[in-house]
Structures are given as structure tokens and as C-alpha cells.
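Subject: Handing over the structure

Hello,

Here is the structure I promised to pass on to you. Please have it open while you read, and my notes follow below it.

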Amino acid sequence: MFDVNFNLSGVALLTEWVLMRPSGNPSDLILRRPAFMIAAILFLNRIYFSREVLLMKAMILKKARPVSEHPLVMKEMPAPEPDPGQIRVKVHTCGICHTDLHTVEGDLPLPRLPLIPGHQVVGTVDRVGQNVKRFGIGDRVGLAWLHSACGACAFCSRGRENLCEQALFTGYHVHGGYAEYALAPEAFAYAIPDIFSDEEAAPLLCAGIIGYRALRLSEVQSGERLGLYGFGASKGVMGSNLSY
Ligand SMILES: [Zn+2]
Ligand SMILES: [Zn+2]
């Protein structure tokens, strides 16, 4: 927690005192009303900024452009507050995916700007919204590309939420993990087993999920041969985890 703008508070207090002190000169009364209004604004500003606000650092994309032009800029901003059903994650690490490159360079149409990219997020729950039941504060979780889905369409009801037409994606439709804190519905967060370090778990949340889905669709059985091609990062992740 930070006491934000303590210096600003001091300046505001001093300005109030200068504006409001009695001068004894009747002509000053003409100036009193605007001076009072200014003082009131400064006073309210002081109250507002003296609240305890949790700030976070985040890498923000304001305008898509080539990575050679450094499209991500670090900014300090208030940490988000979880809505009902959401968890807030204190980010330990966030993997980098080629989709992030497409995002920051504008190869994909961007539904929102400014945007915090990143969808291979590992961290611990540090705050929960109302009605959160699966996770508690301190639990280590992962957030993946699929931020949420409607839960009611034909795809969602068949367990294929990734094809939901109303799906929202992490670091694309909603802010992602290139920040100290990120939000997600608890239903779309993953418990991370202790056997994985943060860095090991992060790529599993994108490349790992894609590779695992492809592996299941292949219906390969133990002892059968499996060919991997055109697989990108999933190949490496699956290759290191396959043992047939
Ligand atoms: Zn990805
Ligand atoms: Zn749906």
C-alpha cells in the first residue's frame, strides 16, 4: 500500500492556507468566493489522494507498432479490484507468446486500447470478489488466453468454451499479465500444482493447453508412434512431457 501523492497533499494544504488566511482588506472579499471554491477543490483532492491506493506497475500498449519501436511502455496505475466471482492475482511471472507479438504489432485487430497484454500468467490470489469459492488468498493459480465464455451457447454446453463466440481473451479483450496484478473469473483460473515452478507452469497455460488438446484429439495410445509438426512452442512443451 502507498500513501499516494503525499507531497501533493502538502502542496494543497499550503495553498488552502494561503488562499483562506484573513487579509483584513475588504477588497479581497471579491476574490473570496473563487478562492473558496479553489480551496474546496484542493481539499477534496487532498482527501481523495490521501486514501490508501494500491498502485501497480504495468506494461501498457497504447498504440500498436513494430517491437523495434518499443510499443510497450511501463506505467504506474491503480491495481484492479475484483468483481463478484473474480480473483485478483499477484503476478509472479508471465510468459511471452507469439500472439503477444501479433497483438503489440497490430497484426490482430485490437478490440481495446490501452491494453496490458500477456496471457501466460502465474501468481497467487491476493484478493477475492464476492461469491468466490474455488480459490482463497495465497493460492497459486494460472491465467490463460481464455478469460471467460458465455457458458450457455452450443459450444460452451459441449465443453468447447474456446470456440464460444462471446469468449473474451486475456491480454486482448481484457488486461493481461504484463503487470503486477491481473483479474480473472475464478471459473477460468487454473490451480498450479507444486511440482511446477512459476516459470515452468507459465508456458503450459498457452502452448501447453494447445498441445494437450491436439494430443487428446489425436487419440494416440501408449506404444503408438506420434508425429509432431507445425506445432510451434507446443512441440517443445509436449515433447518434454510425452513419455510413451
Ligand atoms: Zn499464447
Ligand atoms: Zn458460449
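First, a term that you will need throughout: a residue is called buried if 20 or more other C-beta atoms lie within 10 Å of its own, exposed if 12 or fewer do, and partly exposed in between, with C-beta atoms placed from the backbone. This is a predicted model, in which local features need pLDDT of at least 70 and side-chain atom pairs count only at pLDDT 80 or more, while totals for chains, interfaces and linings use all residues. Residues are numbered from 1 along each chain as its sequence is written, and chains are lettered from A and ligands numbered from 1 in the order in which they are written.

**Overview**

The protein has 244 residues, and 25% of them are buried. Its secondary structure comes to six helices and 11 strands; these are DSSP runs numbered from the N terminus, with helices being H or I over at least four residues and strands being E over at least two. Two residues are in contact if their C-beta atoms, placed from the backbone, lie within 7 Å. Of the contacts with a separation of 6 or more, 70% are between residues 24 or more positions apart.

An open sheet of five strands runs in the order 10-5-6-7-11, with antiparallel pairing. Strand 10 and strand 11 (189–191) are at the edges and have a single partner strand each, so one side of each lacks a neighbour in the sheet. On average, neighbouring strands here are turned by 45 degrees against each other, direction ignored; axes are lines fitted to C-alpha atoms, for helices over the stretch in contact, and angles run from 0 to 180 degrees between N-to-C directions.

Strands count as paired if DSSP finds at least two bridges between them. You can walk across the sheet pair by pair:

- Strand 5 and strand 10 are antiparallel over five bridges, and K90 stands opposite Y181 in strand 10.
- Strand 5 and strand 6 are antiparallel over seven bridges, with V128 of strand 6 as the bridge partner of I87.
- Strand 6 and strand 7 run antiparallel and are joined by four bridges; here V121 stands opposite L143.
- Strand 7 and strand 11 are antiparallel over three bridges, and V141 has A191 as its bridge partner in strand 11.

Although strand 10 is an edge strand, four of its five residues are buried, so it is largely enclosed by the rest of the structure.

**Helix 5**

Helix 5 packs on this sheet, touching strand 5, strand 6, strand 7 and strand 11, and its direction makes about 115 degrees with that of strand 5. Its buried residues are A201, A202, P203, L204, L205, C206, A207, G208, I209 and G211. Helix 5 bends by about 55 degrees at L205, the bend being the angle between axes fitted to the seven residues ending there and the seven starting there. Just after the helix, E219 takes a positive phi of about 55 degrees.

**The core**

In soluble globular proteins, nonpolar side chains tend to be buried together. A nonpolar core is a set of buried Ala, Val, Leu, Ile, Met, Phe, Trp, Tyr and Cys residues joined through C-beta atoms within 7 Å. The largest one here has 34 residues, and those with the most contacts inside it are I87, V89, L143, A182 and L205. Two or more residues each come from strand 3 (55–61), strand 5 (86–94), strand 6 (121–128), strand 7 (140–143), strand 10 (181–185) and helix 5 (198–218). Helix 5 gives the most, with seven residues. Leaving aside neighbours within four places in sequence, the contacts of L143 include V89, V121, A182 and L205.

**Loops worth a look**

Most residues other than glycine have a negative phi, and most peptide bonds are trans. In the loop between strand 3 and strand 4, H70 has a positive phi near 55 degrees. H70 is exposed, with 9 other C-beta atoms within 10 Å. N131, in the loop between strand 6 and strand 7, has a phi near 65 degrees. A cis peptide bond joins L113 and P114, with omega about -5 degrees; P114 is in the loop between helix 3 (98–104) and strand 6.

Best wishes
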